[in-house]
Each structure stands twice: as structure tokens, then as C-alpha cells.
Amino acid sequence: EGNPYTWWVGKANEKHYYWGGSGPGIQKCACGIERNCTDPKYYCNCDADYKQWRKDTGMLSYKEHLPVSQIVVGDIDRPGSEAKVSVGPVRCQGDRNYWNAASFVTSSSYLHFSTFQGETSADISFYFKTSASDGVFLENLGNTDFIKLELKSATEVSFSFDVGNGPVEIVVRSPNQLNDDQWHRVNAERNVKQASLQVDQLPLEVRKAPTEGHTRLELYSQLYVGAAGGQRGFLGCIRSLRMNGVTLDLEERAKVTPGVKPGCSGHCTSYGMYCANGGKCVEKYNGYSCDCSRTAYDGPFCIKDVGAFFEEGMWLRYNFHSPGTSMKDLVSRTLLSSPDTETIEPDLNLNKEELSFSFSTTKSPCVLLYISSYTQDFMAVLVKPSGNLQIRYSLGGTKEPYNIDVDHRNMANGQPHTVNITRNGRDIVLQLDHYPPSSYSLPTASDIQFNSPKALFLGKVIEIGKIDQDIYKYNTPGFTGCLSRVQFNQIAPLKAALRPTNVSSHVHIEGELVESNCGASPLTIPPMSAATDPWHLDSASADFPYNGQAIGDGVNRNSAIIGGVIAVVIFTILCTLVFLIRYMFRHKGTYHTNEAKGAESAESADAAIMNNDPNFTETIDESKKEWLI
């Protein structure tokens with residue numbers, strides 16, 4: 001049905017469906033352009049599904065989409081089907097001088113060159129891109145003479161000089177912003193007859209020279225590119241700077257100059273992948289930033305969940321159309337595909353939707369999310385009384401809504417859960433937490449267009465007109481818990497409510513909305529596959545512990561390690577004991593005794609001491625005296 005299974009991701013994290021030899025927006029390979037594919041019914045050789053190998057190859061030459069950062073290949077589960085994908089190196093070609101560039105990252109940084117020799121004629125051209133609103137491109141001074149080119153404001157470029165007759169200034173004013181981080185060309189000329197300045201394809205501004213007076217431009221200082229004389233310097237990139245036909249080597253000079261970097265490849269080329277969850281990388285003169293406006297996330301890298309806690313009876317409504325918009329106005333507008341992030345509103349008829357959010361609750365039943373329409377079409381995500389999840393579609397063509405019941409998991413267990421729903425025509429893909437996606441299909445009698453979406457409700461449905469009976473019953477008392485990172489296509493209703501922008505006027509809240517990330521990260525552990533789960537009875541490739549050689553080897557290896565450790569401990573203890581024994585008996589040998597005289601005739605050792613010491617008798621007698629107090 002024209003929906004590709006395979007695509008590649010380029011710069012700014014955008015998906016592309018064209019292949020080598022084709023061009024942007026054309027879902028074809030080179031053979032589809034040349035009309036010589038293997039099967040004329042398809043636009044790529046590999047779509048033919050022949051048993052022989054077929055090849056699609058070619059160069060991706062649209063440089064705004066390069067480099068290739070990721071390739072996604074689908075439709076790979078069919079038996080007997082193989083595919084090989086390879087990406088070649090990035091090849092650059094063209095005039096090196098044309099891309100000779102330097103990046104000025106501080107307002108005081110500059111490059112200096114020898115004095116510009118342009119006494120009677122000056123021809124200066126270069127390209128620049130910046131996000132700053134002003135700054136000096138280049139300047140060269142004399143005693144009183146000078147020549148200067150600068151960005152005076154976000155919409156003005158100035159060329160000024162003095163040859164001795166007083167300062168002359170030519171200004172080109174652009175109807176569009178020049179600090180849009182896109183390349184703009186500047187061409188300034190001056191001769192004895194006139195001076196001119198042109199920016200991009202804007203009208204040429206010309207100033208005639210006076211018929212009398214000085215005509216020679218006498219300069220003595222060095223030529224400064226970027227900043228000079230204490231003025232605010234240029235912030236951004238300058239490339240292909242030519243002065244009187246000579247290209248200045250900005251890159252070589254930038255290699256040895258602080259505050260200036262050679263080249264201007266852009267930070268998003270190297271760091272754009274850090275803008276997560278669909279955030280868009282935006283170049284800055286000294287770095288990059290992530291634009292999270294089209295995501296349900298926040299923070300510098302679009303990874304911070306934006307969520308809120310809902311008390312009982314609280315609800316939020318996001319109106320897809322602007323307040324005061326009539327139905328006639330809606331019919332005359334195309335909304336959801338609008339590139340303007342401030343006026344993103346749904347298409348009148350949706351053939352596909354992408355819905356994602358996280359939630360946690362302990363109460364059921366309840367309405368998590370409901371999308372109403374100006375017709376009878378609706379979409380709802382509910383928690384049933386049993387705690388199971390239900391997705392309900394009513395797109396017309398059938399008497400009853402089409403229900404997807406997830407009956408084997410209790411979602412009202414207080415843990416955070418993530419829900420991702422994608423519908424493309426009749427096909428619906430549902431993914432819960434980290435579990436594998438499940439595919440469903442609308443009945444053949446069902447319409448595949450969601451007609452005239454009106455509003456998105458969170459927590460409770462407060463809508464005029466007829467409401468489905470089950471949803472009406474689940475509506476009381478309402479959702480209690482946390483909702484986080486809610487996104488419907490490019491609309492983030494919770495973020496619009498909590499981060500005031502121009503689209504905040506679309507939001508109506510009943511109750512006090514308190515920001516919280518309590519519903520942010522799913523705690524569910526992904527299940528093991530049958531092939532890797534050793535306790536799965538039907539697993540042909542996994543054995544029970546100790547039933548297979550692999551388990552036995554593991555046990556033997558562990559036992560050897562433990563035995564080695566024990567042996568080392570025992571050896572250490574034995575060495576310690578030997579050392580202690582040797583220490584205790586290190587003075588073993590002959591020795592003398594100082595026995596009391598008369599020990600030979602004494603009945604005991606105590607008697608010998610008493611017989612030998614005359615004072616001992618007195619001591620004993622004294623100690624035997626008794627005193628009565």
C-alpha cells in the first residue's frame with residue numbers, strides 16, 4: 001500500500017525513503033527512475049522477491065540529508081529470505097577554496113592577514129551563516145581611510161569605507177532574517193566611479209563616487225577578519241572569502257588562532273544523535289541545541305519526561321482547532337502536517353496516528369485517553385474494572401467499536417507502564433512496556449479514516465453529544481494517578497499545559513495540574529525468550545541445570561577456583577604457625593638455676609627458701625599476728 005518496510009535516517013534524525021540514484025520524496029530506487037527494474041510492478045529490484053540475488057545501488061547525493069546514521073530494515077521474518085545492506089564512505093568533491101571556511105566562536109576572536117591592497121579597486125565576496133544578530137565581518141584601517149563590512153542587525157548588511165572624502169555607507173536590508181543559520185552570500189565592490197553591495201539575490205545597492213576628491217584607498221594596518229578595534233566581532237561561519245580575486249586561506253590561519261576553528265561542518269553532524277526522542281538538532285555558532293518543541297519531552301537533550309499527577313475528578317482537554325475557529329475555517333485548512341510548530345493541529349481526516357504515553361494508577365476502571373471528533377468517530381484507551389488495558393476504535397462502517405483487549409496483564413498495579421499505539425490504515429501495532437509489539441487489524445467493514453478530530457481528553461471525557469456507554473461508565477469517578485510524555489502525532493497536550501507556549505490556548509484544565517514524573521519509566525522487566533529461558537519446558541535449545549555439558553563445565557570450573565583459594569589460605573596458615581613456633585623457641589640451649597642453698601636437705605622448694613633466708617621467718621611471724629580492733 002505504499003508504506004515502506006525499510007528506510008534510512010540522515011542528518012537531523014529524519015527518515016528517508018528514497019535510495020541511491022533516486023531523489024528526496026521519491027520512494028524509488030535507481031531502477032524505478034530508469035524504468036528497468038527486475039519486476040516492472042515494483043520500483044526496486046529487491047522488491048521482486050526472486051530466488052536469485054538482486055541488487056539496488058547508487059549514490060545518495062542530496063547533501064542536506066547526509067550522512068547516513070542508521071538503516072532500518074523490516075519484513076525480515078520470512079523463512080528463506082535474505083538481505084544484505086552496505087553503506088559506502090562519504091565522498092566530497094568540488095572547489096576546495098569554495099569551502100575554505102572558519103568558525104568564530106567568541107565575539108573577540110579574529111583572523112589577521114596582510115594589508116589589503118585595494119587603492120583604486122576593491123572586489124570582496126564571501127558567504128556567511130550565523131545565529132547572532134550583529135558583528136563585524138572584516139575591517140582594514142589606514143590613518144583616516146578604512147574599509148569595513150559588517151552585519152548591522154538581523155536584517156541589515158553594511159559596506160562602509162572612507163578614501164579621504166568622508167565616510168560612505170551602503171546598507172542592504174533583507175525582508176527575511178539573515179541570522180537564520182543558513183548560508184548567505186555578500187558581494188561588495190568599490191572603484192573610482194562607484195561602490196555597490198549585494199546580499200544573496202536581493203537588489204543591488206549602488207552609490208556613485210563624487211566627481212572630485214580623493215579616489216585612492218590608503219590602508220596601513222593588517223586586515224582583520226571577524227573582529228577589530230574593540231567592536232563586537234562576528235559569531236558564526238565565513239567561507240570562500242575572496243579579495244580582488246585571491247581566496248584567503250581561512251582554515252590554515254584558524255588552526256593557529258585561539259577562538260577560531262577551521263571549517264564549518266556543523267556540530268549537528270557529530271552530535272545530532274544526542275537529541276533523543278525525535279528532538280531536532282539546531283546549529284549554534286559555538287555548539288548546538290536540541291529543539292524539543294515537537295516532542296513530549298523536555299531538557300537539553302529531549303530526554304526529560306513531562307508529566308503530571310491527576311487527582312480524582314480532574315481532567316484535561318486539548319482542542320485541535322484554535323479557539324473561535326469555525327467549522328468552515330476547519331474545512332479550508334490542512335492542519336496536522338503544518339510545519340509551523342506553533343499551529344500544529346490535526347488533519348481533517350487521519351489515515352494514520354501515532355500515540356504514546358506512560359501512566360501509573362491503582363484504581364480501575366478509568367479513562368486514560370480519549371480522542372473525540374465532529375462525527376461519531378473516536379479513539380479511547382481504557383483501564384477495565386479488572387485492571388486490564390483496552391484500546392477502542394470507532395471509525396464508522398461497523399455497528400460496534402473495534403476493541404483490543406490486553407487481558408493477561410494487570411495495568412492498575414501502581415507501576416509505571418508505557419503504551420505505544422500506531423495505526424496505518426487498517427493495521428494497528430500495540431506495544432506495552434518492553435514487551436514485543438502485537439499487531440491487529442481493523443475489520444474489513446470498518447472505515448480507515450479518522451474523520452474530523454475535535455479534541456483529546458486526559459483523565460475524563462467531558463464532551464457534548466453521544467458517548468459510548470462503557471466509556472460513560474468508566475468516566476466516574478475518573479482517572480487517579482500519573483500521566484507522562486503524552487504525544488499524539490506531533491501534539492504533546494501535557495507539555496502544552498505545563499510549558500506555556502502559543503499552543504497553550506488550546507488547553508483547558510479542570511482541577512489543579514501538578515507536574516510530576518511519577519509515571520515516567522516502565523518498571524516491567526522484559527521477558528526472556530523461550531530459546532534462552534532454561535526453565536521453559538518447550539525450549540529445545542536450553543537444558544535444565546546439571547543436565548548438560550555446559551552446566552557441568554561451569555560447575556567444575558567454579559569448584560577449581562574455590563579449591564585453589566582454600567589451598568592458598570591453608571598454606572598461609574601453616575607458614576604463620578611455623579614462624580610462631582620458631583619465634584617461641586629461638587633461645588633454646590643450656591641454662592643455670594639460682595636455687596637456694598639447702599635445697600638438697602629440704603623437704604620442698606618452699607622449705608629450702610625459708611631455710612636459706614633468715615628474714616623470711618620474721619616476715620611470716622609478723623604476718624601471722626592477729627589484731628582486734
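**Aromatic pairs.** I searched the whole structure, a predicted model, and got 16 aromatic pairs. For Phe, Tyr and Trp (its six-membered ring), a pair needs ring centres within 6.5 Å; planes under 30 degrees apart are stacked, over 60 edge-to-face, the rest tilted.

I opened Tyr110 and Tyr224 first. Their centres are 5.3 Å apart and the planes meet at 70°, so I logged the pair as edge-to-face. It joins distant parts of the chain, 114 residues apart: Tyr110 is in the loop between strand 4 (101-104) and strand 5 (111-113), and Tyr224 is in strand 14 (residues 223-225). Helices (H or I, at least four residues) and strands (E, at least two) are DSSP runs numbered from the N terminus.

Then I checked accessibility (buried is under 20% relative accessible area, exposed over 50%, partly exposed in between; 1.4 Å probe, protein chains only). Tyr110 comes out partly exposed at 34%, and Tyr224 is partly exposed at 24%.

Next I looked up Phe128 and Phe137, a tilted pair with 4.8 Å centre to centre and 45° between the planes. Phe128 is buried at 0%, and Phe137 is buried at 1%.

**Charges over rings.** My criterion was NZ of Lys or CZ of Arg within 6 Å of the ring centre and within 35 degrees of the ring normal. Lys28 has its charged end over the ring of Tyr43, 4.6 Å from the centre. Lys84 does this with Trp53, at 4.8 Å.

I followed strand 31 (residues 427-432) into strand 32 (residues 438-441); they pair antiparallel over 4 bridges, where pairing takes at least two DSSP bridges. Ile428 has Tyr440 as its bridge partner in strand 32. There are 5 residues between the strands, and Asp433 takes a positive phi near 50°.

**Second largest pocket.** I noted a volume of about 490 Å³, meaning the space filled by probe spheres set on grid points joined across faces, edges and corners. A pocket here is an open set of points on a 1 Å grid over the protein atoms alone, where a 1.4 Å probe fits, with protein on both sides within 12 Å along at least five of seven lines; lining residues have an atom within 4 Å of a point. I found 26 lining residues, with Gln376, Phe378, Lys466, Ile467 and Asp468 nearest the centre. Strand 26 gives the most, 3 residues.

**Bookkeeping.** I number residues from 1 along each chain as its sequence is written, and side-chain values use heavy atoms, without hydrogens or water. Local features need pLDDT of at least 70 and side-chain atom pairs 80 or more, while totals for chains, interfaces and linings use all residues.
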